[in-house]
There are 2 protein chains.
Amino acid sequence: MAEQIVKVGLVGFGTVGTGVAKLITEKADSIAAKTGIRLELACVVDIDTTTDRPVKLPEGILTDDLNRLLGDETIQIGVEMVGGTDVAKQVQLKMLEAGKDVVTANKALLAEHGNELYRAAHKNNRCIAFEASCAGGIPIISAIRTGLTANNITAMYGIVNGTCNYILTNMTSKDEDFSEALAQAQEKGYAEADPTLDISGGDSAHKLAILASIAFGYEISLEDIFVEGIEGISKDDIRYGGEMGYCLKLLAIGQKDEQGKVSLRVHPSFIAKDSSLARVGGPFNAVSIFGSAVGQVMYYGRGAGMMPTASAVIADIIDVALGNSAATFRHLHLKPRSETEQLIENIDDCMSRFYIKVMAKDQPGVVACYGKVLGDNQISISGALQHEGTGPDNTVPVVITTHTTQQKNITAALNDLEKLDVFSGKPVCIRIVDIPEDKD
Amino acid sequence: MAEQIVKVGLVGFGTVGTGVAKLITEKADSIAAKTGIRLELACVVDIDTTTDRPVKLPEGILTDDLNRLLGDETIQIGVEMVGGTDVAKQVQLKMLEAGKDVVTANKALLAEHGNELYRAAHKNNRCIAFEASCAGGIPIISAIRTGLTANNITAMYGIVNGTCNYILTNMTSKDEDFSEALAQAQEKGYAEADPTLDISGGDSAHKLAILASIAFGYEISLEDIFVEGIEGISKDDIRYGGEMGYCLKLLAIGQKDEQGKVSLRVHPSFIAKDSSLARVGGPFNAVSIFGSAVGQVMYYGRGAGMMPTASAVIADIIDVALGNSAATFRHLHLKPRSETEQLIENIDDCMSRFYIKVMAKDQPGVVACYGKVLGDNQISISGALQHEGTGPDNTVPVVITTHTTQQKNITAALNDLEKLDVFSGKPVCIRIVDIPEDKD
């Protein structure tokens, strides 16, 4: 059968860009055999044209001139691997205007300017494929967009940041402090020298913005997402939570109720130790989705790294080349901001269970104080844990878990607790997320 | 944007057929909004046109005459939900000849006659979409065919039969006998009145044949697959294995080595308790796939049931309607039997670790006998377990686990052990499968 030759231009020759170039040059034959599409790398654009990369490019295709890609009418697909949001956005817009379909892994850009870029693509009758932007090797976007078409998606729970998951896994299993676990992650290459975007939850929020957009069909803005990072987590809280049957994960959560109201949040979450997501360790990612017809599905795999991400980029390139992406993208109609804004739940209204730890001074009446503050704020206690003996400063950690209550009640209670002098320091509060796992 | 109306004919109005009819009639609007395809159910064919089903069909579309579907040129897609391999095969062939694309969930038919049907589809320039045939709600086939295009798939490990997984989960967690757990599964609707196809491993083999075909690109025949069911599993062995760190699952395994040699087998498998698949409980399915670029990925969800399977059928119908399936199916070129036959590994050559239990009579010299038989057959012991005290018949269970060895060595050793009169009854042998989980 005749093969269709598809020329690809790549912008950004860093880690993932190199992986993409490697797969295109080394796997062209097997990809052609499987799909009928023979990929040809026509042009690689990067400001650095001299550093050696672990891939051999055909002579003369590496350039620092984006116009070579834009002006080459034989190039159908432009792969943006620049990263960041400024130059990358201009690159994508220019490629769309030049009539190229765009493939990208740039989650920050899509989370911040996706709506604008999608509109630009529609205007130019082109498509943007972005499977690689969320959870690298896991084909989660195609699963949502095509595999679950017949479903009303009601919730998603994702571990979508490998850095945080690696750190929390080590804090849990090796009893490491946050700073030790972070240093380990940096040494292993799982955390950047400046890890802020990861550990603050920002990167997870980028991915949630993209996933929630397509799952719920809303124009989501980053501001819609409540974000709390893992910087303040202590190994003690992980241990106490563990004693009560929970495992700590940084979750990206999207929930839609029957009225279309959407709750979007990224925060450290205690989940049941025997839930599927609790088992996702190290740098792995997983996303659990609930669909009206399919029930619970979960996808698990490497969320980052050169080759897993490049693998997703190639899948997108083929999808675009076959025309599948165009068909799917054409129908990416998101409910505009004007309508979605009022459908985003304020975090104060969010219903959840909570883990609260106070450091109590070793004196009579402490538990009564504790109980009164919670009771006064309509908070009902679900479980409690206090080990015998006192710790440093003559204080003892007293942990409780609550039944479901509104965030605003907890916020009020935490304020009240902090004012009481029978407790030392600020109370610790971590959300407990009961993932509605259907087992039979 | 203009909608494209796509007419669908459905053959087989049983459980899943009803689910498909339900989704098409009730979700047409939301599917059209997401995909631009408006599905219309033009015709439902079943020999039983009188029994009430929990879906309201448009007047006059239920018929017992297949020719109404075949002769209606406005029907583009024929959905075969008949089940079985005789009538269903004729239905598919006739639909292909009548110019319809075919969507099916019929794993038995595809496992037995898939190669013939695929050829018929290619000849008629039509496609067969069969996402729903394997692991119901999990979009595993699309993941293999499109998401992992850039990968050389080296192995897959699947829990693909919900009935067996439900039974084994209950035998493990509730300490139930096989027969109790089976009865429970039947009561809950997870096992058929005649459960043979499921518990024998036959159904898992059907799915493995399909998945291995597309993952490895070979024309696989059912005879290529070594199959052992779960009928002989006792709760004692599950418990002893558990004490040694293992969890028992019925796995469908496909492995391809660097020479293209393929090992295909379905059998009860002890896997490490902390592996991802060990956590898959109850009627759920999961498939773990290893790709050269992406590393390990796992897909988890409901493997059967009316709505999960119907959800996958709808995804296929949309994929066919958009033309995506045609593009993918056109390139389903499987290496023909003449070439694959010699690439299938004989089970005797299969390398594995093993769990072996003998019931030893309580007398001196037993362990020496045991050890000698294993040693004489080049089998090295990895672990051992013998509880103090004797059981019924004055015998005691002695369990060992082996290092990796060839199946033929084990077969010989089991023969030798059975002959020795220091042991009572037949030894129990269960394979230990070390899934190469990469954790960091």
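Two residues are taken to be in contact if their C-beta atoms, placed from the backbone, lie within 7 Å. On this criterion, in what is a predicted model, 50 residues of chain A are in contact with 50 residues of chain B. The side of chain A that touches chain B draws at least two residues from each of helix 2 (28-35), helix 6 (140-147), strand 12 (295-302), helix 12 (306-321) and helix 13 (324-330) of chain A. Sorted by class, this side of chain A comprises 22 nonpolar, 19 polar and nine charged residues.

The relation between the copies was examined by superposition. Two copies of a chain are, in general, related by a rotation about an axis and a shift along it. Here a rotation of 180° with 0.0 Å of shift along its axis superposes chain A on chain B, with an RMSD of 0.1 Å, and this is the relation of a two-fold axis. Of the residues of chain A, A:Tyr299 comes closest to the rotation axis, its C-alpha lying at 2.4 Å. The same surface serves both copies, in that 100% of the contact residues of chain A recur in chain B.

Each chain contains an open sheet with parallel pairing. In chain A, six strands form this sheet in the order 3-2-1-4-5-6, and the pairing is parallel. Strand 3 (62-63) and strand 6 (128-129) of chain A stand at its edges, each with a single partner strand, so that one side of each is left without a neighbour in the sheet. Strand 4 (residues 75-80) of chain A has five of its six residues buried and is therefore largely enclosed by the rest of the structure. Strand 1 (residues 4-11) of chain A and strand 4 of chain A pair in the parallel sense over five bridges, and A:Lys7 stands opposite A:Ile75 in strand 4 of chain A. Strand 4 of chain A is also joined by four bridges to strand 5 (residues 101-104) of chain A, and these two strands run parallel. Along strand 5 of chain A, A:Val102 is found opposite A:Gly78, while A:Val103 is found opposite A:Val79.

In chain B, six strands likewise form an open sheet in the order 3-2-1-4-5-6, with parallel pairing. The edge strands are strand 3 (62-63) and strand 6 of chain B, each of which pairs on one side only. Strand 6 of chain B pairs in the parallel sense with strand 5 (residues 101-104) of chain B over two bridges, and B:Val102 stands opposite B:Ile128 in strand 6 of chain B.

The largest nonpolar core contains 286 residues, of which A:Leu10, A:Val20, A:Ile317, B:Leu10, B:Val20 and B:Ile317 touch the most other members. When residues up to four places away in sequence are not counted, B:Ile317 touches B:Val8, B:Leu39, B:Ile77, B:Val79 and B:Val103.

At 1.5 Å a residue, the 15 residues of helix 10 of chain A should span 21 Å, and its end C-alpha atoms are 20 Å apart, which agrees. This helix of chain A is mostly covered, as 14 of its 15 residues are buried. Helix 10 of chain A is followed by A:Gly217, whose phi is positive, near 80°.

Most residues other than glycine have a negative phi. In B:Asn125, however, phi is near 60°, a positive value, and this residue is found in the loop between helix 5 (107-123) and strand 6 (128-129) of chain B. B:Asn125 counts as exposed because it has 11 C-beta neighbours inside 10 Å, the cut-off for an exposed residue being 12 or fewer. B:Ala135, which is not a glycine either, has a positive phi of about 55° and is placed in the loop between strand 6 and helix 6 (140-147) of chain B. With 32 C-beta neighbours inside 10 Å, B:Ala135 counts as buried, for which 20 or more are required.

Definitions and conventions:
Residues numbered from 1 in each chain as written. Chains lettered and ligands numbered in written order. Predicted model: local features only at pLDDT ≥ 70, side-chain atom pairs only at ≥ 80, totals over all residues. Nonpolar A, V, L, I, M, F, W, Y, C, P; charged D, E, K, R; others polar. Least-squares fit on C-alpha atoms with pLDDT ≥ 70 in both. Core = buried A, V, L, I, M, F, W, Y, C linked by C-beta atoms within 7 Å. Expected span 1.5 Å × (residues − 1). Pairing = 2+ DSSP bridges.
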